[in-house]
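Good morning, and thank you for coming.

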Amino acid sequence: MTPEQLQFDRDNIWHPYTSMTQPTPCLAVASTEGVYLHLSNGEKLIDGMSSWWSSIHGYGHPLLNKAAHQQIDTMSHVMFGGLTHEPAIQLAQKLTAITPAGLDKVFLSDSGSVAVEVAIKMAFQYWIAKGLTAKNRLLTIRNGYHGDTFAAMAVCDPVTGMHDMFSGVLAKHYFAPRPETKFDQHWDPQDIGELAKILAENHQHIAALILEPIVQGAGGMRMYSAEYLVQARKLCTEFNVLLIADEIATGFGRTGKMFACDHAAISPDILCLGKALTGGYMSLAATLTTTEIAHSISDSGAGCFMHGPTFMGNPLACAIANASIDLLLESDWQTQVGNIEQQLKQGLEPARALPNVADVRCLGAIGVIELTSAVDSVKIQQQFTERSVWVRPFGKLVYVMPAYIMQADTLKQLTSAMVEVVASH
Ligand SMILES: *Cc1c(COP(=O)(O)O)cnc(C)c1O
């Protein structure tokens with residue numbers, strides 16, 4: 001890459017959550033392979049981020065490459081309105097087979113945020129169909145993150161969700177406190193008291209409870225008790241409120257179960273999937289729901305569900321998703337993720353004693369060091385790059401979610417670098 005190209009990038013291209021007047025430096029990537037990023041300056045970095053939870057099998061997997069090549073030579077895209085194709089049918093069959101029971105109607109879309117928009121729209125359209133039009137608000141828990149589009153933003157944590165400045169233009173919803181009981185801690189029934197109270201007092205106005213099961217991602221990288229989810233499911237049923245599980249980050253084995261809902265053995269009414277759906281190859285997302293909800297929506301006034309993106313069910317993305325799910329099911333992912341969890345716990349434990357560390361927590365293939373204050377993101381990025389690893393902290397959080405194929409010695413390099421960098425930051 002030429003210096004002119006990099007300058008053009010700085011001057012003209014937005015990156016996620018960046019400034020156009022004070023751009024932070026970007027590394028130029030020439031290619032990716034396995035768990036490595038090859039930079040255009042010849043350096044090679046161990047990737048701790050899996051491109052934001054997505055490349056679970058590592059980059060450039062031969063089977064995923066093959067699926068992409070085959071599909072692109074057959075049919076890259078065709079509109080989904082009035083037409084259908086095998087890659088989408090196979091994907092819906094696989095998704096309904098592996099997701100929690102009862103979710104047998106599949107809506108395919110292009111990105112996680114859209115999958116959340118679709119879920120919210122389904123919930124509202126369902127209650128309109130039932131004649132309960134006063135149920136036009138949502139309930140969520142603090143420290144959540146559900147995407148960057150407007151309906152999704154409105155249920156992100158108002159403070160950590162990165163959207164507080166828009167509060168004046170966003171729909172107003174109900175926020176319960178975040179769950180405090182940690183994943184492996186003894187359950188404290190008080191923990192869900194406030195959520196129960198909001199539901200008891202306002203259920204006539206609440207269409208759905210939306211939450212990230214077990215692991216809250218970009219809103220704070222927090223991991224909470226499965227019992228919270230069990231209780232939340234019960235309360236939703238009791239108060240006639242739909243439960244939307246946003247598994248865009250947690251789906252496909254990341255937390256040690258295929259879906260985070262499986263930790264609590266519950267089925268949501270609506271499920272959102274994205275990120276790892278195509279093994280990190282393409283943007284694709286899905287919203288699944290029950291027959292009852294799908295039929296109620298379809299038999300009501302509009303006679304259909306009111307949504308239909310241009311690239312809905314993109315065959316290329318579906319074909320890769322099919323190959324990625326097959327690869328996952330044929331692999332020994334439980335053992336791989338379990339081993340990564342053990343190594344993350346061991347490797348990150350020394351950080352707990354550091355004076356600038358508030359907490360260390362790991363679940364599945366997710367490892368988090370929470371600092372006592374926000375990092376200097378430019379400086380810490382450089383410290384990681386010097387150690388040949390790619391980790392991208394935000395706020396107080398230094399975290400990794402490696403590909404499931406990462407080998408023990410590579411993971412050791414990654415965790416050692418995290419502890420060293422945090423110690424010297
Ligand atoms: C990333 C994420 C989203 C948004 O997905 P995009 O593909 O970035 O639109 C929504 N919910 C959760 C839990 C996520 O982690």
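At what angle do the axes of helix α3 and helix α10 cross? This is a predicted model, in which local features need pLDDT of at least 70, side-chain atom pairs count only at pLDDT 80 or more, and totals for chains, interfaces and linings use all residues. Residues are numbered from 1 along each chain as its sequence is written, and side-chain values use heavy atoms, leaving out hydrogens and water.

The axes of α3 (residues 62–74) and α10 (residues 315–330) cross at roughly 150 degrees and come within 9 Å. Helix α3 is therefore roughly antiparallel to α10 (the term applies to angles over 145 degrees). The crossing of the two, α3 and α10, is right-handed.

I turn to the ligand. Its surroundings include S111, S113, Y145, H146, E212 and I248, where a residue counts as near if one of its heavy atoms lies within 4 Å. By class, this shell has three nonpolar, five polar and three charged residues.

A ligand oxygen atom lies 2.9 Å from a backbone N or O atom of G112. A ligand nitrogen atom is 2.7 Å from a side-chain N or O atom of D246. For K275, a side-chain N or O atom is 2.6 Å from an oxygen atom of the ligand. The protein covers 82% of the 380 Å² of accessible area (Shrake-Rupley method, 1.4 Å probe) that the ligand has on its own.

Terms used: A polar contact is a pair of N or O atoms within 3.5 Å; within protein, one must be able to donate a hydrogen and the other to accept it, and residues adjacent in sequence count only if both atoms are side-chain atoms. Ala, Val, Leu, Ile, Met, Phe, Trp, Tyr, Cys and Pro count as nonpolar, Asp, Glu, Lys and Arg as charged, and the others, Gly among them, as polar. Axes are lines fitted to C-alpha atoms, for helices over the stretch in contact, and angles run from 0 to 180 degrees between N-to-C directions. Helices (H or I, at least four residues) and strands (E, at least two) are DSSP runs, numbered from the N terminus. Angles under 35 degrees count as roughly parallel, over 145 as roughly antiparallel, 65 to 115 as roughly perpendicular and the rest as oblique. A crossing is left-handed if the near helix is turned anticlockwise from the far one by less than a right angle, and right-handed if clockwise.
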